[in-house]
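Subject: Structure for you to look over

Hello,

I am passing on the structure we talked about. My notes follow it; please read them with the coordinates open.

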Amino acid sequence: MESVGTMAHAKLVDNGIQAIEEVNRLRDGGINKEDIYVLSHDSGRESRIADTADVNEVNLSEEGLFGAIANLFRSRGNALRFKITSLGFSPAEANFYEKELDTGKVLVITRRLAR
């Protein structure tokens, strides 16, 4: 499933290499690195991919203070769904993506599409 909206775009990939390739494709298409995020069910893996690709992880500025605090007490799955919805996706889309992340996939999200 690939989701494209006016404010956000998401693509599931199978691994970190494909995530980095997708990030490079988005950058080549005019997306700024500040508007690209990666998510993985494994937070360490997520950090390594984000560092290697030089893009963002969803954090306080996207989640808001109360969301970030609440995520400290949520399961990783619930926290991921919250992070995905905080970037503009519906709860149904967040559920779908989180289930795919459970299988080891990586989610690459852009907040704005290139003009």
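At the start of α2, the backbone nitrogen of G44 has a side-chain oxygen of D42 within 2.8 Å. This, like everything below, comes from a predicted model. Helix α2 covers residues 43-53, and its buried residues are R45, E46, I49, A50 and A53. These five sit on the same side of α2, because the arc they cover around the axis is only 130°. In general, an α-helix has 3.6 residues a turn, so residues three or four places apart point the same way. On the face of α2 turned away from the buried side are the exposed residues R48, D51 and T52. After the helix comes D54, which has a positive phi, near 60°.

Next, the nonpolar cores. The largest one has 14 residues, and those that touch the most other members are L39, I84, F89, Y97, L101, L107 and I109. At least two residues of this core come from each of β2 (9-13), β3 (36-40), α5 (76-86), α6 (91-102) and β4 (106-110). The element that gives the most is α6, with three residues.

What is L101 in contact with, leaving aside its neighbours within four places in sequence? The list is L12, L39, S40, H41, L80, I84, V106 and L107.

There is also a second, separate core, of 13 residues; L26, A53, V55 and V108 are among them. A53 is also one of the buried residues of α2 listed above. As a general point, nonpolar side chains in soluble globular proteins tend to be buried together.

Last, the aromatic rings. The count of aromatic pairs comes to two. F89 and Y97 form an edge-to-face pair, with 5.9 Å from centre to centre and 85° between the planes. F96 and Y97 also pair edge-to-face, at 5.4 Å centre to centre and with 70° between the planes. The ring pairs join F89, F96 and Y97 into a cluster.

Which of these residues are buried, and which partly exposed? F96, at 27% relative accessibility, counts as partly exposed.

Regards

How values were computed
Residues are numbered from 1 along each chain as its sequence is written. This is a predicted model: local features need pLDDT of at least 70, side-chain atom pairs count only at pLDDT 80 or more; totals for chains, interfaces and linings use all residues. Side-chain values use heavy atoms; hydrogens and water are left out. Rings of Phe, Tyr and Trp (its six-membered ring) pair if their centres lie within 6.5 Å; planes under 30 degrees apart count as stacked, over 60 as edge-to-face and the rest as tilted. Buried means under 20% relative accessible area, exposed over 50%, partly exposed in between (1.4 Å probe, protein chains only). A nonpolar core is a set of buried Ala, Val, Leu, Ile, Met, Phe, Trp, Tyr and Cys residues joined through side-chain atoms within 4.5 Å. Helices (H or I, at least four residues) and strands (E, at least two) are DSSP runs, numbered from the N terminus. Contact means heavy atoms within 4.5 Å. The arc is that of the directions from the helix axis to the C-beta atoms. A polar contact is a pair of N or O atoms within 3.5 Å; within protein, one must be able to donate a hydrogen and the other to accept it, and residues adjacent in sequence count only if both atoms are side-chain atoms.
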